[in-house]
Amino acid sequence: MYVPDRDQDLRWIQRAIDLAALCPPAAGAYSVGAVIVGEDGAELATGYSRATGPHEHAEEVALSQLPQDDPRLAGATIYSTLEPCSQRHSPRTPCAQRILTAGIPRVVIAWREPSLFVDDCVGYEQMVEAGVTVNELPELAAAAKEANSHLPGMG
């Protein structure tokens, strides 16, 4: 499996941060950006929170742009500005589960989800337990949080 180097990871997370800035702010939701990158280093899909609906998460939007059985997902990396959710208030599938179902083997995030909307997000742990490689780039956490300045304690 092709594994991007640190510079590539930083570049793709920055792309996700740029996407997060496009999110319409919502009082009860994070603004998140996501990019799915193929094994060959090509961008496969992008998404950001609430791109086409009020309850959509960034990873959900990005994954919806590809067929569920797309063979490129087996070697892909998904970059997300925030830890993929492990639970949702809407009846939609949590993003960590969507990533596992898609078979994406590698996830890179900028920051872990704080206990603002859910008490204990365990998306990171769920993915690691399932054998997914999850890397966190804390040096970009502050940049990822900027799109969330509309939320309490984030500004």
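Which residues does Gln65 touch, not counting residues up to four places away in sequence? Gln65 touches Ala45 and Thr46, contact being heavy atoms within 4.5 Å.

The model is predicted: local features need pLDDT of at least 70, side-chain atom pairs count only at pLDDT 80 or more, and totals for chains, interfaces and linings use all residues. Residues are numbered from 1 along each chain as its sequence is written, and side-chain values use heavy atoms, with hydrogens and water left out.

**View 1. Surroundings of Gln65.** Gln65 sits in the loop between H2 and strand E3 (77-82); helices (H or I, at least four residues) and strands (E, at least two) are DSSP runs, numbered from the N terminus. With a relative accessibility of 44%, Gln65 is partly exposed (buried means under 20% relative accessible area, exposed over 50%, partly exposed in between; 1.4 Å probe, protein chains only). The C-alpha atoms of Gln65 and Leu44 are 8.6 Å apart, and 21 residues separate the two along the chain.

**View 2. The aromatic pair of Tyr30 and Phe117.** Rings of Phe, Tyr and Trp (its six-membered ring) pair if their centres lie within 6.5 Å; planes under 30 degrees apart count as stacked, over 60 as edge-to-face and the rest as tilted. By this rule there are three aromatic pairs. One of them, Tyr30 with Phe117, is edge-to-face, at 5.0 Å centre to centre and 75 degrees between the planes. Tyr30 lies in the loop between helix H1 (6-20) and strand E1 (33-37) and Phe117 in the loop between strand E4 (106-111) and helix H4 (123-129), so the pair ties together parts 87 residues apart in sequence. Tyr30 is buried, at 8% relative accessible area, whereas Phe117 is partly exposed, at 24%. Together with Trp111, Tyr30 and Phe117 form one aromatic cluster.

**View 3. Arginines over aromatic rings.** A charge sits over a ring if NZ of Lys or CZ of Arg is within 6 Å of the ring centre and within 35 degrees of the ring normal. Arg11 lies over the face of Trp12, 4.7 Å from the ring centre. Arg112 lies over the face of Tyr124, at 4.0 Å from the ring centre.

**View 4. Lining of the second largest pocket.** A pocket is an open set of points on a 1 Å grid over the protein atoms alone, where a 1.4 Å probe fits, with protein on both sides within 12 Å along at least five of seven lines; lining residues have an atom within 4 Å of a point. Among the lining residues are Glu60, Leu63, Thr93 and Arg98. Helix H2 (58-64) and helix H3 (95-102) each supply at least two residues of this lining.
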